[in-house]
Amino acid sequence: MVQLQAAIRQVLDEPDLDASLTAIVDAICALGWRRAVLALYSDIDEIKVLFTSGTVDEPPVTAGAVIPAAIWQRYLDGDLAAYRVSGLYYIPQGQPGNAWQRDDLVFAPLRRGQGPVLGVIRAEQPVSGERPSPETLRPIDILASQAAYLVEHARLLDEAACSAAVMADQIEELSMIRQADRELSSHLDMEHVITLTMDWALRQAAASTGLLCLMTDNKKGLVPYIKMGYLLPDVLNWTERNPWPLDRGAIGRAARTGEVQIVRALDMEAGAYYFIGEDSRAQLCVPLVMRGEVLGVVTLESNDDAAFDAHTSNFLERLAQRAAVALDNARLFRQSEQLADDMAVLYSAGRAITATLERDEVLKRIAQSMAVALECSSAMILDYQPERLEAQVLVVYRVGTARNSQEVLPPLKTVLPLGDYSTLIDALARRRPVILRAADAHTPAMELDLMQQMGVQAMMLMPLVAQEEVVGLALVIEGRQDRVFSPNDIFKAETLGSQASVALRQALLYNEVRELEKLKSEMIRMASHDLRNPLGNLMGYVELLDMSFRRTGKTSEQDEFLNNVRRSAKIMQSLIDDLLTLERVESEREAQWQVFDLGALVYEVVEAARSSANLKRQIVRLERAATGTLAYGSVTQLRQVIANLVGNAIKYTPDEGQIEVSLSGSDERLEVIVRDNGYGISPERQVRIFERFYRAREPGTDHIVGTGLGLSLVKTVVERHSGQVWFESTPGVGSAFGFWLPPAPPQGRTNRDRA
Ligand code: ADP
């Protein structure tokens, strides 16, 4: 018992399983057996490890011979219950008696409960030579169960260690994916997202070469985006225009099917695979799939035939799923950015289009905006006559930088019959754009013929529709090379098209309005002229009447009546004059504007006014800068402005008053001031003097004839010339009216260019 305790303690002290089991067999020997054998079985019942202790004459046990096979089988079948002595078996052979026989068998299976048989311990030849009793067998039993415990424990530990390793792997993977998630979702920069993905993929798969291809916009092929490791130069030649075709290799297959592909050189004939690296032996292609749509393919290659096990590809698939989400986000972000850019382009194009109301100018800008926004070589606008199924060329615009384009565009006013072109008729009927490409096998023969005649490679035809009506056609033309129009291009063209349609319609309306304006001016002019003659007659007869009265003598009452008629006729005359002037000023077009010397104009007006000033014995002084007084605008209108101001100064200043006219100029402005020492205007009336038909009546000014139109015309004209009017006035002291204008811009440029 002491020996047993010592043995067990020793076993427990041993940290290592082998040493413990060795200690156990040693202990059995020490307990009075010549030899002890301990065998550990593998899962398939083969002896895995063998521990022996002691010496016997018998040949050393070999694998499979620890327990005779037949007996072992009977044990496994449960046939040896009769020989069982608690945990072990004692099978005496041959004769009865107490003496140990050669073939006597003592063994203890190593097993925990109903668990698998882990091994066996056999004890041979008791030193005493006597057959064992249950008491002598008991320590073996104890040691055997100890051994079974140790082995089982070790096995569990082993398993735990194994699963701990697996778990550590899983944890690392998970944290990588988590990190990926975090990184991917916090970045909208596509380049960053993709580089990260590739880096993880390469690291995880221990690959030597990596390539991430993105699907082209038209989904017809793949374009390399991120390259890692050494790639065959061929791969780098794939571009947006000439992408890696989807029917080529495992990369194409992955893109086509959305499924992971693994290719090994070992399994394939040379040439049956398309590796992207020179020494590659295995290739893994993982598609990036989002909402059922393949966005791209990650391709990894290794020089190791056995690379890319199921576990790795599984991991990469999961990584790819996440990357696809991020890629999609980045793509959406990029699209919205692109959209914002496009909007800016469209907005400025729209402004350019709507900035003018002249029809041909509008059309030219539409054509230009379309060609430029779609990066095409030219654009045309045609007028559409639905009754005759004809279109007439109104505007042709060719992009200046598209020098090597081949298209021959029809001259202006050419009439194109559309009846033969089914696609065009269809586009017009559906009011939808249609795209024609010479390289497209589906392009109908007639259309193809037309395109060949015109040297056009690709074009988009866009019906211009306003208020449910096709008002025209826009053709965006590419004459340099084949061109695929993306949905975004169509969107841009449609947006420009709709703005163009509105502008076109506005131009039509504007023309109508202008016609009406013309009519109105015509009528005012006619009415005024028609009034002028009878008024002239009226005034003539008043004078005749006056003369005949002079012969016969007239009463003071008759004299007063005549004066009243004269006055009224004068008022009517100045009304007609002012109306005509106003009309002339308003209908005058900017096309008649010019650079002129404001100084000379002021001089001319002042000199013309001198005679009426002389009648009132007033003094008119003119002071003006000798140079730097060039202005840009309408001479007629500004002459009227100055004449009105000088005329008012003479009118509203009593006899023998003084009038000063001055003109000064600087880089910023030219200023004209007319100052008088006349009646002045009281503050409460000052606020209204620029209103049409407003007349401020001050004490002493009742007799002065006027229409109240002069100053309103001054204000209108000056402001139309980007200038400003001002005045200051004190009743009984005098007034100063002034205005300033910007000086004429440097030679060759007009105000409008500058704006
Ligand atoms: P009108 O035909 O009456 O002169 P205007 O529009 O030229 O019409 O002027 C509006 C009113 O402003 C005039 O009726 C007059 O009362 C006042 N006014 C204009 N110029 C002067 C001036 N230099 N001094 C005093 N009052 C003036």
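**Around the ligand: a short tour**

What we have here is a predicted model, where local features need pLDDT of at least 70 and side-chain atom pairs count only at pLDDT 80 or more, while totals for chains, interfaces and linings use all residues. Residues are numbered from 1 along each chain as its sequence is written, and side-chain values use heavy atoms, leaving out hydrogens and water.

Now the side chains. An N or O atom in the side chain of Tyr 652 is 2.9 Å from an oxygen atom of the ligand, and for the side chain of Lys 651 the distance is 3.1 Å.

How much of the ligand's accessible area does the protein cover? The protein covers 97% of the 520 Å² that the ligand has on its own, by the Shrake-Rupley method with a 1.4 Å probe.

Next, who makes up the shell? By class, there are nine nonpolar, six polar and three charged residues. Here Ala, Val, Leu, Ile, Met, Phe, Trp, Tyr, Cys and Pro count as nonpolar, Asp, Glu, Lys and Arg as charged, and the others, Gly among them, as polar. The largest share, three residues, comes from α15, where a helix is a DSSP run (H or I) of at least four residues.

Note on methods:
A polar contact is a pair of N or O atoms within 3.5 Å; within protein, one must be able to donate a hydrogen and the other to accept it, and residues adjacent in sequence count only if both atoms are side-chain atoms. Helices (H or I, at least four residues) and strands (E, at least two) are DSSP runs, numbered from the N terminus.
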